[in-house]
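Hi there,

Here is the structure I promised to pass on to you. Have a look at it first, and then read on for my notes.

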Amino acid sequence: MVGNNLRESLSNRLSRFLASRGARASQFTLGQHNVYIFPTKAGFAFLAVLILMLVTAINYQSSLIYLVVFLLGVLFFISIWLCFLNLQGLEVSAGPVSKNYASQDGAFNLVLRHSQRNVYGLYYASMLGRSDTCSLKAGESLSVSSPVGRRARGVYYLEKFAIESAYPFGWIRAWTWLKVDAQAVVYPSIEEPPESLEGLGGDQSASSGVKSLDRDTLRSFQVGDVLGHVHWKKFASSEQLVVKDSAQVTPSVDWLRWDSFEGYASEMRLSFLCAEVLKRSEAGSIFGLDIPGRTISPSTGSKHRDSCLLELAKYGAVGAAPSLIYFDASRVGAEESV
Amino acid sequence: MIDLHAQVASKSKAPIESFSGWPTIYVLGLAQALSMWGIAPVWLVICLVLIVVALWLRPGGFPAPLRFLVTLAMVAWFFLYYRLNFTVEVAGSFLWLSATLKLLELKTRKDLTVFVYVMLYVAAVSLLFYQSIAHVALQCVVILLALSILLRLQVGPSYRPVAHFGSLARLLVFSIPVVVVLFAFFPRISPLWSMPIKSGAASTGISDSMSPGDIADLANSDERAFRASFVGERPTRSELYWRGLVLDEFDGRRWSRGAPNKGFRYGGKYDIGSLVDSEGDYYQVMLEAHNRDWLFTLEGSRSLSSHIEMADMGLYELPVEALQATRYRMARDRPEPVGLQLPGAYKLDNVSRSKSYRGRDLQTPAGGNPRTRAYMRDLRQTMPNDVDLVSAVLKKFRVEDFSYTLKPPFLGKHFVDEFIFDSKQGFCSHYAGSMAFMLRAAGIPARVVVGYQGGEYVSDGDYYIVRQYDAHGWVEANLKGLGWVRIDPTASVAPSRVEQNLQEAVSEEGTFLQDNVFASLRHEVAFLAWVSLKTDQLNYQWQKYVVNYGQDEQYGLIKKLLGEYSLARVAIVLGGLFGVVSLLIVGWMFWRIERPELNVRQKRYLRWLSILRWFGYSRPVGETPRAFLARMNGNAHPWLVAQTDSRTRELEQRDYQNGDQ
C-alpha cells in the first residue's frame, strides 16, 4: 500500500513537473531543447546480442566476429544521431479548431511539416490514442488529428501531444511532449424545441424561411448585407451583386432567450437554443443571444453563429475534464473570435 | 508519462500484417541457409530451405496443426540427430532452426525483431566456421538484409526498397573507418572459456593411417592444405618435406599411428596464440581447417608460437583440432645431407622418441610377406652396414623397372611381396610403406612419415600453396653411425615428383587430377589458373591481416604507431576516436541544419559566381542578381556578361514562375 501511494505521488509529481515544463504555443520546432532520446527495449536487447557476440569473439579469438560487433556497435551509435536528426526541425502547429456537436466524434487538428527533409517512421500520440507510422515528405504538410471522442459540450485543449520515432532501426526512441495550442469545441447537442414553444417570446413572430423570390424585391448589395441573401444567379449572369430584399427592408431582431424554455433542464435549454441558433443563421435572420451571464447583441453571419454556439458550449463548467484535455473557460473568453 | 510508456510497450505487440517486406525476410532466410551449408547437417539445411520456400509461395502461412507438426518434427529430428552433444555447431544450428521456425508464426513486430536478432547472431557464429572473403561477403549481405528489415519496420509503408537499401549501404560504408580503428585498437582479451566448435566434423587431408593407395586418392584434390611464407632464405623445392604424422604400426597391409602420446581432446581453449619474433630465418604457416590436431612442419623446426605443443618424434600438435584456419610460426635448422655415402638422405635431429617406445620402430606383423622377409634376411647377411643396405634397397628401386603411377594395380594379402617382386607399380605410399617394412625386416628401426612434399610458389605474394595433391609419404630410418635420416624411395623412382611436382611425375600417364574435372580445368586453362591464384592471394592476405589479427599483431601495431603498448594509450586513441566521430556528426548536423536546400538553378548560379570570382567579379552580400548583372554589363567581357545574363534569367524565371523550390 505504502509503495503504491509512494509511486502514485511520485508519478503525480512527475506529471506536475512535466506539465510545468515548456510553454503552450501554437507552433513548435523540434530540436535539442524539446526532444528526448533513450534506447528502447529492442535497443537494449540488441545491445545484449552485441555483448553475446563480443563474448563469442573473445572466447574463440575470432577477428571476424569482432568486426561484426564493431560494425553493429558503430551503427547503434550512429542511429542515436539519426534518430534525433529525423525529428530535428519538424514543425508542429495547431490546425483549425474542430467544431462538433456533443453527439459527434471530435478531434484535435494539428499540422506536421518539415521544410528540408523527409521524416520517417513517425508516431504521434495523445493520451487518447496512438497513430500508425506515418512519414512526411520534405516541404509537405501533414494534417493529423488526435481523436477527442464523444464528449460533453465544452472547450477542450490538447494538453500534451507526443511525437515519437524509433527510426532508423527501432533501437533508439526519440520523443517529445508538446503543449500544442490545439482546440476542440464541442457544442451542445441539437434538440428541436417542442412545437408549442416556437416563437418563444421573441420580439417578433416567426419570420424565418426565405421568402419566395417573386415577392422579393431586388436591390443592390450594401456592406452589411447577409451573404445568404445575395441573388447569386443574377450575379452569375450580370456580374452585379444584388440582394434579395424581403418584405421587411430592415429585418426584425430575434432574441433567443434562456428564459423562453422555462421548466426545462439547463442542458435541454442549451440544446434547444443550439437548434434555434442554427435555424436562424441558416435563414440569415438577425438574432441575439441572451443566456445567464452572457448576452450577445443581435447580428448575423457565420462568425456570429460560431460565437453564439461557443457561448452555449461554454455555459457553466460541466463534467470532470480528462487529464489530457481540460476545460478552460477563462482562456476561451480571451479568444472569442477563434 | 506512465501511460505513454505502456503504449510504447504495446507497440511491439502490434500485428505486422501491414508489413510489406516479406520477400526480404525470405531472402534473408535463404541467404542464411546458404551460409549454414557445411555447418549444419545437410538434412537440416534442405528442410529449412523447403520451409522458407513454402512460406514464400503460400503467403497465408501454414494451418495451425501443420505448423505444430512441422515444429515438433524438426525439433525432434534435431535432438535425435545431435543427442546431447553440446558444441557451437549444435547451438548455432539450433538457434538458426528456431529462428526459421519462428517464421511459421510471425505475428508481432516483436517476433520479427527477435527473428532478425537471432539471424544476426547466427551470422556471427557462422564466421567461426568459414573465414573466406566470399563467406564474409555473404554475411555482409545477411547483415544488410537484417538491418533493412528493421529499417522497414520503422519506416512503414513509405519504405522505398532501392532508396533505403542504398542509404543503408552508404551508412555501412561510412562507418567502415571507425570500425577499422576499433578493430585495430580495441583491446583483445585472452579467451575466457571455450566450448568445442564442431561435433564430429569430417576431416580433410591426410589421415592417421595409410594403406596402399590412400595418398593416391588425395592426389585428385587440388584443395588447399596450407600456405607458408618464409622470412630469410627461401628453401628449394626438394627441401620442402612437411612432416605431419609418423606411422609406426604395420599390420602387413596398413600403416597406422600407434596410440598417440597425448590423450586430451577438446581440452583447450580456442587460442590463436602469439608468435615470437625471431632474429634468424623462420617460416609461418597458415593451416586450413582440417579438423585434426596435427600440424605440418619442416624438418628441424623449432616452435615460435605459444599455442602449439611439441609432441614426440619432432612433431607438433595443436591443443584442439584445427577447426578454423590456424597460423603458426617456426624457426628452422636445415637438415644436413648425408652426402656421397647415401645420396638423397638427410640427417635429422630431435626426431628420436622416448626410450620406452623405441621398440615400436622395429615392430613387424607376426607373419606375411615371406618373400620380402627372406630377401632382406639375405641382403642383411651380405651387408652388415646399415648405409650399404639402404643404398642397395634404393638401387633396387632405381635399377629395376619400378614405375610411379597414380593408378596402381590392386594388391592382395602379401602386399609388400606382390609390389616388390611382381607389380612394381605404385604411388608414394607403396614405396614408403614397403621400404619401411623392408628395413624393419632387416633389423633397422624405420617408420613411415606422412605429410606433404613441395608446394606451389606464388611469386606475387611470396608464399607457397601446398595442396592436397602434394600429399606424400616417405621413410625415416635410424642408421648406425648416422642416426635418424630421411629417405625418400619415391625420389629414386620418380625424381621429378620431388624436384618438380606430381603433375610432372605423372605427365606421361596423364592421370594428374584426372578424376576431378573442375580441378584439372583450373590447372589447364591458363585464365582459370590465373584467377584461382589471384583469389588465393587475396584470401591469403585477408587471412593474414584480418582473420588472424590478434593480441600479438595488435601489440606490434600499437608499438609501431604509438611508441609503446599501454592500455592508457589505447584508451586515449579510442576516446579520441569517439570524440572525433561525435564532433564530425555534430558538425555535419549543423552543416545540414544551417544550409538551406538549394535547387538546381540556384546551385548552378552559385557555381557560376564562384567562377566569376576567378575573373575578379564578386557579388557582395545584399546585391541582387539583377543589380549584379547590371554592374557587370558595363565593365566585363561580353561573353561573361552573356553567361551571367542567361543564368540570372534562368534563376529568376523558373523560381518565380513555377515556384517549385
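Predicted model: local features only at pLDDT ≥ 70, side-chain atom pairs only at ≥ 80, totals over all residues.

Asp333(B) has a partner in Arg302(B), and the two form a salt bridge whose closest N and O atoms are 3.5 Å apart. Asp333(B) belongs to the loop between strand 11 (326–332) and strand 12 (336–337) of chain B, while Arg302(B) belongs to strand 8 (residues 301–303), so the pair ties together parts that are 31 residues apart in sequence. Arg302(B) also counts as partly exposed, at 43% relative accessibility.

**Other salt bridges**

Over all chains, the structure holds 35 salt bridges. In chain A, the side chains of Arg280(A) and Glu276(A) meet in one of them, at 2.6 Å from N to O. These two residues are 4 apart in helix 5 (residues 266–283) of chain A, which means that about one helical turn separates them. Is this pair buried or exposed? Both Arg280(A) and Glu276(A) are buried.

Back in chain B, Arg257(B) forms a salt bridge with Glu317(B), and here the closest N and O atoms are 3.8 Å apart. Arg257(B) is partly exposed, with a relative accessible area of 23%, whereas Glu317(B) is buried, with 8%.

**Aromatic rings**

There are 49 aromatic pairs over all chains. One of them is the tilted pair of Phe78(B) and Phe94(B), with 5.3 Å from centre to centre and 55 degrees between the planes. Phe78(B) lies in helix 4 (residues 64–82) of chain B and Phe94(B) in helix 5 (residues 88–102) of chain B, so this pair ties together parts that are 16 residues apart in sequence. Phe78(B) is buried, at a relative accessible area of 1%, but Phe94(B) counts as partly exposed, at 30%.

Another pair to look at is Phe296(B) with Tyr452(B): the ring centres are 4.9 Å apart and the planes stand at 75 degrees, so the pair is edge-to-face. Phe296(B) is in the loop between strand 6 (282–287) and strand 7 (297–298) of chain B and Tyr452(B) is in strand 16 (residues 446–453) of chain B, so the contact ties together parts that are 156 residues apart in sequence. Phe296(B) counts as buried, at 2% relative accessibility, and Tyr452(B) counts as buried at 1%. Both rings are members of one aromatic cluster, which also includes Phe226(B), Phe230(B), Trp242(B), Tyr283(B), Tyr457(B) and Tyr464(B).

Rings in chain B also have charges over them. The charged end of Arg188(B) sits over the ring of Phe183(B), 4.8 Å from its centre. Likewise, the charged end of Lys396(B) sits over the ring of Tyr375(B), 4.9 Å from its centre.

Chain A has 7 helices and 19 strands. Of its 338 residues, 48% are buried. When contacts in chain A between residues at least 6 apart in sequence are counted, 69% join residues at least 24 apart. The accessible surface of chain A comes to about 15800 Å², and 55% of that belongs to carbon and sulfur atoms.

Best wishes

Technical notes
Residues numbered from 1 in each chain as written. Chains lettered and ligands numbered in written order. Heavy atoms only, no water. Phe/Tyr/Trp six-rings, centres within 6.5 Å; stacked < 30°, edge-to-face > 60°. Buried < 20%, exposed > 50% of the residue type's maximum accessible area, 1.4 Å probe, protein only. Lys NZ or Arg CZ within 6 Å of the ring centre and 35° of its normal. Contact = heavy atoms within 4.5 Å. Areas by Shrake-Rupley, 256 points an atom, 1.4 Å probe, with all protein chains shown as cover. Salt bridge = Lys/Arg side-chain N within 4 Å of Asp/Glu carboxyl O.
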